[in-house]
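Subject: The structure, and what turned up in it

Hello,

Here is the structure for you to look through.

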Amino acid sequence: MTGLVPAMTRRMGIPSLFTLHNIHTVKLTLDHIEHAGIDTAEFWQHLYYTHPPGTYEQCRSSNPVDLLASGIFASHWVNTVSPSFLDEIVQGSHSSVPPETHSELKHKLEAGFASGVLNAPDSSYNATSDDALPHPYSPENAIEKKTKNKRVFQERMGLTLNKDAPLFFWPSRLDPIQKGPELLSNILSRLVSTYRDNGIQIALVADGEHAQYFRDIIAVENLHGTVSLRPFDENLSRLGFAASDFILMPSKFEPCGLTQMIALKYGSLPIVRNTGGLKDTVENLDASDSRGNGFLFEDYDSEGLMWGIRCAMDFHRLPSKTKKKEIQRIMQESISRFTHEQTASQYINLYEAMLGKPLNPQD
């Protein structure tokens, strides 16, 4: 419903910034909107309609308003929650983006009134003070304490107790439209077979329509103790970040993604598809040069995910001293980088650009 706000602010001569957190929209008639108690008579001309509008009366019951496109159309400035997602929408990289959203956002970018601002996780995601962790930790003692958290997590998930197991954690909803769980389920049996001697474990703390596929595979293939699925629980999920070595996030598209940032702050390395906010926050890890923080693959398919997991397993086999050094570096970099302070400063810059003059520091 916030898509209606820029139309009213434009009517009042007030610059507004409209932020897109995703690309889903709703279409409603003026009659429907007014039935909810919102008088559209003052700002109806600034809304985006399914068909070119005639008069107010002609539009009321037969010409639906696209709420998301209206927000983009009427606002002074638009931002997505990552720079790469803005580029992908404008370039037409995602077939799931509504054409109205694509065209209006493209117009805004071409006019110089669109940008991307990377989001940041809530400050409560802090491994040193997270109440959900039986063993809080800092970058300096992460390896030791993550091992202790792993044991607790394995117990709660029904996984075999093994402190040396490479533990892969799925923390996102099991939504095949966006999150890519089918990429994992398609290779799950092969994955376990390939790395059985390494003690691989896969833990999913998530809900979603694809959950039953995982339950069936676990039961039919008898993967109990190696693969485990539990309904989403906030505290269990937080423990999963602290216990795991890697997280799986093979999204088809990702406006921003906070999960990979949380994982990095907790010393769990993300395996992600090179898209949207994932592209803006994860760089391929090169332990020999102490660069990067995770593993990216290009194509949206199971083989791409398998490639990313192989890279993660290569890292897992490195000497303990090397892994400890890299995890400490990655945590320190992520803790300082992914903060609300960083995000807020970019929004302040946008407001200043919109207003055409610096904000009063005292304000």
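A salt bridge here is a side-chain nitrogen of Lys or Arg within 4 Å of a carboxyl oxygen of Asp or Glu. Before the details, please note that this is a predicted model, in which local features need pLDDT of at least 70 and side-chain atom pairs count only at pLDDT 80 or more, while totals for chains, interfaces and linings use all residues. Residues are numbered from 1 along each chain as its sequence is written, and side-chain values use heavy atoms, with hydrogens and water left out.

Salt bridges first. Side chains of opposite charge can pair when their charged atoms come close. By the rule above, the count comes to 18 salt bridges. One of them joins the side chains of arginine 291 and aspartate 289, at 2.8 Å from N to O. Arginine 291 also forms a salt bridge with glutamate 283, where the closest N and O atoms are 3.3 Å apart. Glu283, Asp286, Asp289 and Arg291 are linked in a network of such bridges.

How open are these side chains? I call a residue buried under 20% relative accessible area, exposed over 50%, and partly exposed in between (1.4 Å probe, protein chains only). Arginine 291 is partly exposed because its relative accessibility is 39%. Glutamate 283 counts as partly exposed at 43%, and aspartate 289 is partly exposed with a relative accessible area of 43%.

Glutamate 326 has its place in helix H15; helices (H or I, at least four residues) and strands (E, at least two) are DSSP runs, numbered from the N terminus. At 1% relative accessibility, glutamate 326 counts as buried. Its side chain is joined to that of serine 290 by a polar contact of 2.7 Å. By polar contact I mean a pair of N or O atoms within 3.5 Å; within protein, one must be able to donate a hydrogen and the other to accept it, and residues adjacent in sequence count only if both atoms are side-chain atoms. Leaving aside neighbours within four places in sequence, glutamate 326 is in contact (heavy atoms within 4.5 Å) with Leu285, Asp286, Ala287, Ser290, Arg291 and Phe315.

Now to helix H7, residues 142-157. Its 16 residues should span 22 Å at 1.5 Å a residue, and the end C-alpha atoms are 21 Å apart, which agrees. The expected span is 1.5 Å times one less than the number of residues. Among the buried residues of H7 are Lys145, Lys146, Val152, Phe153 and Met157. The cover over the buried residues of H7 includes strand S6 (167-170), strand S7 (201-205), strand S8 (227-230), helix H11 (234-243) and helix H15 (320-337). Just after H7, glycine 158 takes a positive phi of about 75°.

Because they are 4 residues apart in helix H7, glutamate 155 and arginine 151 are separated by about one helical turn. Glutamate 155 counts as partly exposed at 47% relative accessibility, and arginine 151 is partly exposed with a relative accessible area of 47%.

Lastly, isoleucine 38 is found in the loop between helix H2 (30-35) and helix H3 (56-59). Isoleucine 38 counts as partly exposed, at 29% relative accessibility. Beyond its neighbours within four places in sequence, isoleucine 38 is in contact with Met1, Leu4, Ile33 and Phe43.

Best wishes
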